Amino acid sequence: MKNTTAFAIGTAISFAGLGLGYAVVLRPRFATWGATRDEAERTMPGDELLPNPEIRTTRAITVAADPAAIWPWLVQIGPGRGGAYTYDWIENLLGLDMHSADEILPEFQHPALGDAIALGTTGPRMRIEVLDADRSLVFGSEDGNWVWSFNLYPEPAGTRLISRNLISLTGASPSSRLFTRLVAEPGSLIMERKMLSGIRTRAERARPAAGHSANHPESGHILSRKESFDVRHGL
């Protein structure tokens, strides 16, 4: 009995130590893969949609191409569209029907604020909440618990492509929170790193695309869905 109790206590302490080590050492690195400290702390379009997330990741990569060469791959992302440029076989195990395209698909090159993308039959529906051509593309889940933004920042070496996820775990059970922390978060790094690399590979071998539509690209102002509505209706 004493040996069993001692074993149970020792196991619990070991798991607690592993959890603490992950939270302190690995988790911050997983959450900011490829990003500088400035990028990780920078306020970006879409942050205002979920100001107090329980999970925040900022991951980045340098693409040796102009933003105009990256943008077409971003706007066609999604199931039944351009895919996610990551491990399709893993995505499809989850029923997402992802097939990553190796070419720009003209039929998906004219996004509009409010357009929705369904992530599988049971997954969340993501709507375009901010659209600023060659600069920012922000998706928000209809339940308000997830904001996913892509931001493009030109620099001498090309463009910094930054992906940010903001997630709320409101209503999640303790077991669900533990699964998210120890399984989903590390898994998201594997998938997102592949995605960013996949976009980079495609953009670097393609010529910059021209003629993309935007709300007001010449002004540099990012229109939210409400602002776009106001402009269209003269408000």
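Biologist: Hi! Which residues do ring pairs link into a cluster?
Modeller: Hello! In this predicted model, the cluster joined by ring pairs is made of Trp146, Trp148 and Phe150.

Biologist: Nice. How many aromatic pairs does the count come to?
Modeller: The count comes to three aromatic pairs.

Biologist: Take Trp73 and Tyr85, then. Is that pair stacked or edge-to-face, and why?
Modeller: Edge-to-face, because the ring planes of Trp73 and Tyr85 are at 80°, and the label applies over 60 degrees. Their ring centres are 6.1 Å apart.

Biologist: And where do those two sit in the chain?
Modeller: Trp73 belongs to helix H3, residues 67–75. Tyr85 is in the loop between H3 and helix H4, which spans 88–93. The two residues are twelve apart, so the pair links distant parts of the chain.

Biologist: Are Trp73 and Tyr85 buried or exposed?
Modeller: Trp73 is buried, at a relative accessible area of 2%. Tyr85 is buried as well, at 1% relative accessibility.

Biologist: Changing topic: what sits over the ring of Tyr153?
Modeller: That would be the charged end of Arg42, 4.6 Å from the centre of the Tyr153 ring.

Methods:
Residues are numbered from 1 along each chain as its sequence is written. This is a predicted model: local features need pLDDT of at least 70, side-chain atom pairs count only at pLDDT 80 or more; totals for chains, interfaces and linings use all residues. Side-chain values use heavy atoms; hydrogens and water are left out. Rings of Phe, Tyr and Trp (its six-membered ring) pair if their centres lie within 6.5 Å; planes under 30 degrees apart count as stacked, over 60 as edge-to-face and the rest as tilted. Helices (H or I, at least four residues) and strands (E, at least two) are DSSP runs, numbered from the N terminus. Buried means under 20% relative accessible area, exposed over 50%, partly exposed in between (1.4 Å probe, protein chains only). A charge sits over a ring if NZ of Lys or CZ of Arg is within 6 Å of the ring centre and within 35 degrees of the ring normal.
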